[in-house]
Amino acid sequence: MSLIPRTPVGSAPIARARLQSLLEHDRSLVSHADLLSVLREEIFALIERHAAIDANKVQFMVVRGTTASTLTVDIQVRHGRAPHGGPVRA
Amino acid sequence: MGKVIVVTSGKGGVGKTTSTAALGAALARGGQKVVVVDFDVGLRNLDLVMGAERRVVFDLTDVVQDRVKLPEALLHDGRLDTLYLLPASRTRGKEALTEEGVARVISELRDQFDWVVCDSPAGIERGAMLAMRFADEAVIVVNPEISSVRDSSRMLGLVDSKPLKVEKGGRLDKHLLITRFDPVRVACGEMLSVDDVREVLPIPLLGIIPESEEVLRASNLGAPITVCGRESAVSRAYVDAARRIKGDWVEMTVPSKDKGLFMKLLGGRAA
């Protein structure tokens, strides 16, 4: 028996649950960041096979929505021929 | 060759400085030669907790920038023969610390001391990264509180990637130090338990430090809790933790609620 009145359920279980979902969220953000850098590199490499790109004129942006996210890629492709002489696609 | 330990947490106010002073003094009490280094450039609190604030003339930044030699900046603790302090600068910013300079100073300290205990600033910015850069071991300080646990989880990831030792293919020994633990609140279900914290931070447990007014008292007096509050539960917990750092096996005791409850009924917590 305790002299201190106890509430039936403490706040610790709530903290525990919040912490779990926070950590899941943190982890998904990290994987999101990884995904973006992977996409960036692969798209970059793909386009560079066919066209010359100015690395300073590339924009990758993710707008996160509730059920889906939008990936916007803005790449400026230089006029002229690609380094290996293949066709240039814009 | 001494070992370099970084005391870090991410979140501020969880007890890094208190723990640095307490662990440093406890190691020195055991006869080890110890220096505690304040990396919190711009704020500087370790000298206050150690009670050395009026004796500070030169600091870590002065040594890093080669304005003075290391012995000129080191302060000897008056109470323990083998305990020294390298204070931080209050006037200079974090930019004043270069990685090369810090590397040189830490290497000099490593030659002269058994333990180099670095008090990291809060946050995950440059200062905190420099404090862990040359560490061999890390003490992650955490409160059983949601934001502290989350920040420490983030810090664990950094400790696994940022130190030089890791870049060279090594691993840092990591220790979890739970501070401000209140057994009464845990028993009432109002505070995360030791298991809850360890589930998120699965590294070896260094110690569990109970919440206590003794910590504030020690800070008021300007002495590490392991020096001025030798008989307190907090001091004993830190002394045990220091022995575990040295590699001794010491049984882990979770602060019990009975004593806490007793204290609470006596009004001890309100004192």
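In what order do the elements of chain A run from the N terminus on? They run α-β-β, with helices (H or I, at least four residues) and strands (E, at least two) taken as DSSP runs numbered from the N terminus. The model is predicted: local features need pLDDT of at least 70 and side-chain atom pairs count only at pLDDT 80 or more, whereas totals for chains, interfaces and linings use all residues. Residues are numbered from 1 along each chain as its sequence is written, while chains are lettered from A and ligands numbered from 1 in the order in which they are written.

**Chain A**
- Chain A holds one helix and two strands.
- The average pLDDT (the predictor's confidence in each residue, from 0 to 100) of chain A is 75, and 73% of its residues score at least 70.
- Among the elements of chain A, the lowest mean pLDDT, 78, belongs to strand β1 (residues 53–64), and the highest, 82, to strand β2 (residues 69–77).
- Where pLDDT is low, the predicted coordinates should not be read in detail.
- Of the 90 residues of chain A, 3% count as buried; a residue is buried if 20 or more other C-beta atoms, placed from the backbone, lie within 10 Å of its own, exposed if 12 or fewer, and partly exposed in between.
- Two residues are in contact if their C-beta atoms, placed from the backbone, lie within 7 Å; of the contacts in chain A between residues at least 6 apart in sequence, 49% join residues at least 24 apart.

**Contact between the chains**
- Chain A contributes 13 residues to the contact and chain B twelve.
- On the side of chain B that touches chain A, α7 (146–159) and α10 (194–200) each supply at least two residues.
- The largest share of that side, four residues, comes from α7(B).
- The residues on this side of chain B comprise seven nonpolar, two polar and three charged (Ala, Val, Leu, Ile, Met, Phe, Trp, Tyr, Cys and Pro count as nonpolar, Asp, Glu, Lys and Arg as charged, and the others, Gly among them, as polar).

**The sheet of chain B**
- Eight strands of chain B form an open sheet of mixed pairing, in the order β3-β4-β2-β5-β1-β6-β7-β8; two strands pair if DSSP finds at least two bridges between them.
- β3 (75–76) and β8 (205–210) of chain B stand at the edges with a single partner strand each, so one side of each is left without a neighbour in the sheet.
- Strands β6 (residues 137–142) and β7 (residues 173–181) of chain B run parallel and are joined by six bridges.
- Opposite Val142(B) stands Ile178(B) in β7(B).

**Helices across the sheet strands**
- α7(B) lies across β1 (3–8), β6 and β7 of chain B, at about 165 degrees to β6(B); axes are lines fitted to C-alpha atoms, for helices over the stretch in contact, and angles run from 0 to 180 degrees between N-to-C directions.
- Helix α13 (residues 233–246) of chain B lies across β7 and β8 of chain B and runs at about 170 degrees to β8(B).
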